Amino acid sequence: QKLAPRANVVLQPVASNFGEPTLSFARLVERDPHRWIICGGTELVERSLTSFLQNARFIGAPFSPRELFVVGGVDREEIRARLGGQQDIRTHYYPNVDGKKAAEILSTCAFAWIDYFHQPGVPMATILKSTAFAGFCSHGVIPVFPHHGSPIHLRQDTLPGPFFVTVSGQNLPSEQQRAPIAKSIHDWYRRNASSLHLAKTVAAAIGWLP
């Protein structure tokens with residue numbers, strides 16, 4: 001808007017690289033609340049794994065991590081070694097994963113840990129540029145951050161959260177809230193970030209839709 005004040009600027013979150021399944025509430029209820037996932041490119045996976053291992057002990061019941069999937073990026077021996085050294089969390093490592101396998105894993109997880117920001121002070125809504133974050137939302141996996149953040153919204157439609165865990169505290173939902181919030185995140189994605197919504201947004205911007 002600063003560069004071209006007269007331009008019609010349309011903001012659109014990126015879509016999921018791992019599909020956009022239709023989710024039933026019953027399936028979300030059935031998910032294991034102790035199953036977590038880290039997903040993304042190599043740098044995001046490494047950064048997220050570091051902060052997750054620093055903060056995992058502060059995640060209390062009923063969501064304390066008992067199983068962790070690390071998905072994506074290139075195969076790194078350092079990541080394998082760090083995962084292999086975990087005694088209290090069962091770990092699984094899937095580097096160089098294809099979209100179908102990633103979607104299968106996502107569809108079983110309750111929470112995702114994402115340490116997206118390289119530096120403090122970046123607006124929380126910047127997370128909507130992350131395809132990993134989009135994948136979490138499209139699969140009804142609740143994203144959790146290692147820091148506080150402001151609400152994320154588009155056109156006054158607010159995404160549940162953001163949820164976080166830090167040394168000083170956390171704001172995770174209750175077990176009764178978990179599945180409804182996961183469904184709300186999934187529904188928000190379909191309204192605001194899905195490939196169908198993107199297509200409609202582009203069509204409207206170029207005049208193909210009334």
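How do the residues of the lining of the second largest cavity divide into nonpolar, polar and charged? I looked this up in a predicted model, where local features need pLDDT of at least 70, side-chain atom pairs count only at pLDDT 80 or more, and totals for chains, interfaces and linings use all residues. Residues are numbered from 1 along each chain as its sequence is written, and side-chain values use heavy atoms, with hydrogens and water left out.

**Entry: cavities**

I searched the whole structure and found 2 cavities of 30 Å³ or more. A cavity here is a set of points on a 1 Å grid over the protein atoms alone where a 1.4 Å probe fits but cannot get out; lining residues have an atom within 4 Å of a point. A volume is the space filled by probe spheres set on the points, which are joined across faces, edges and corners.

I took the second largest cavity to begin with. It holds about 50 Å³ of space. Its lining divides into 10 nonpolar residues, 1 polar and no charged. For these classes, Ala, Val, Leu, Ile, Met, Phe, Trp, Tyr, Cys and Pro count as nonpolar, Asp, Glu, Lys and Arg as charged, and the others, Gly among them, as polar. I listed the lining: P13, V14, I127, L128, S130, F133, A134, C137, W188, Y189 and A193. The largest share, 3 residues, comes from α5. Helices (H or I, at least four residues) and strands (E, at least two) are DSSP runs, numbered from the N terminus.

The largest cavity has about 60 Å³ of space. I find F133, P143, F145, I152, L159, P160, G161, P162, F163 and I185 around it. That lining has 9 nonpolar residues, 1 polar and no charged.

**Entry: largest pocket**

I noted about 160 Å³ for the largest pocket. A pocket is an open set of points with protein on both sides within 12 Å along at least five of seven lines. L11, Q12, P13, V14, A125, T126, L128, K129, H153 and L154 line the pocket. By class I get 6 nonpolar, 3 polar and 1 charged.

**Entry: salt bridges**

How many salt bridges does the structure hold? I get 8, each a side-chain nitrogen of Lys or Arg within 4 Å of a carboxyl oxygen of Asp or Glu.

I checked R191 and D157, which meet at 2.8 Å, N to O. R191 lies in helix α6 and D157 in strand β7 (residues 157-158), so the pair ties together parts 34 residues apart in sequence. D157 is buried at 18% relative accessibility, while R191 is partly exposed at 43%. Buried means under 20% relative accessible area, exposed over 50%, partly exposed in between (1.4 Å probe, protein chains only).

I then took D187 and K183, whose closest N and O atoms are 3.0 Å apart. Both lie in helix α6, 4 residues apart, about one turn of the helix. Salt bridges that share partners also join R35, E67 and R90 into one network.

R80 pairs with D75 at 2.9 Å between the closest N and O atoms. R80 is partly exposed at 36%, and D75 is partly exposed at 39%.
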